[in-house]
Amino acid sequence: MIALARQVSPALQAGERMFLERTPIHAGVAAQQHAAFVRALNDMGIETRILPGEPDLPDSVFIRDTAVVLDEIGVMARPGAAYRRAETAAVTQELAPLMSLSFIRAPGTLDGSDVLRCGRTIYVGLSVRTNAEGVAQLEQRVASFGYRVRAIPVQGVLHLDAACSQVTDDTLLVNRAWVDSAQLRSFALLDVPRSEPGAANTLRIGDTVLMAEGFPGTRELLEGRGISVQTVRISEFQKAEGGVNSLCLLVDGR
């Protein structure tokens, strides 16, 4: 398994905030936290390739938004925030030797963090960053490989990955206030505690769920169901409306 990650831009503070108040981000702390995140991936057996940071692209550390990677194809996103669209160039260059690529075109917008693949079904959040045209284009590009695409409304948060993540083959961790959970009824749903609304953003690698520190109730909930949990500190990225899922792009189809 390979993970692409990207160094922290020195301009991280300058990115848009849609649902959180702007608070100071400490660049040095962010760099330390990112390095620790990469070490955690390495300790889990992931080969991590680090792309350089971009001073003019403040949110480029959130590399997940640039692409949707499946076993059969990579689909390059067209981020909903225009200032982020230049982020895809370096990722395209990295992925092109590894797989066939297709591209979301205007007027479609699609952020990779709005995409949740569960087996042969792909849920795509209709959010402030991903529109219906982007969902339709993704469906066109993956239908021939046997994938079903399901649009799912997201509200109150930037991306679907903040509202929902897969923690076992048949179980999703959710914050129902942010996502239309009726469309997820084929799964067992674990609700994050009300006191931990941001805890649903996790990254499943094998049988382990990687999640942010600071959500003890959610960790207890997962471990109580026999799920192995590992935590990392990502407080500086949470200030920028990011989570563990958005900090890497897994290139094995998960």
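**Pocket, sheets and rings**

Colleague: How many nonpolar, polar and charged residues does the lining of the largest pocket have?
Modeller: Ala, Val, Leu, Ile, Met, Phe, Trp, Tyr, Cys and Pro count as nonpolar, Asp, Glu, Lys and Arg as charged, and the others, Gly among them, as polar. Sorted by these classes, the lining of the largest pocket comes to 14 nonpolar, 10 polar and 8 charged.

Colleague: Which residues lie nearest the centre of that pocket?
Modeller: This is a predicted model, where local features need pLDDT of at least 70, side-chain atom pairs count only at pLDDT 80 or more, and totals for chains, interfaces and linings use all residues. Residues are numbered from 1 along each chain as its sequence is written, and side-chain values use heavy atoms, with hydrogens and water left out. A pocket is an open set of points on a 1 Å grid over the protein atoms alone, with protein on both sides within 12 Å along at least five of seven lines, and its lining residues have an atom within 4 Å of a point. Of the 32 residues in this lining, those nearest the centre are Val157, Ala162, Gln238, Glu241 and Gly242.

Colleague: Which peptide bond is cis?
Modeller: Look in the loop between strand S5 (101-103) and S6, where Pro107 lies. With omega near 10°, the cis peptide bond is the one from Ala106 to Pro107.

Colleague: Now the sheets. In what order do the strands run in the open sheet that holds S15?
Modeller: Strands pair if DSSP finds at least two bridges between them. At the edges, strand S2 (47-51) and strand S15 (249-250) each pair on one side only. The pairing in this sheet of 3 strands is mixed, and the order is S2-S1-S15.

Colleague: What is the angle between the ring planes of Phe62 and Phe237?
Modeller: Rings of Phe, Tyr and Trp (its six-membered ring) pair if their centres lie within 6.5 Å, and planes under 30 degrees apart count as stacked, over 60 as edge-to-face and the rest as tilted. The structure holds 2 such aromatic pairs. Phe62 and Phe237 form an edge-to-face pair, 6.2 Å centre to centre, with an angle between the planes of 85°.

Colleague: And how far apart in sequence are the parts that this pair ties together?
Modeller: Phe62 lies in the loop between S2 and strand S3 (67-69), while Phe237 is in helix H5 (residues 235-238). The pair therefore ties together parts whose separation in sequence is 175 residues.

Terms used:
On a 1 Å grid over the protein atoms alone, a cavity is a set of points where a 1.4 Å probe fits but cannot get out, and a pocket is an open set with protein on both sides within 12 Å along at least five of seven lines; lining residues have an atom within 4 Å of a point. Helices (H or I, at least four residues) and strands (E, at least two) are DSSP runs, numbered from the N terminus.
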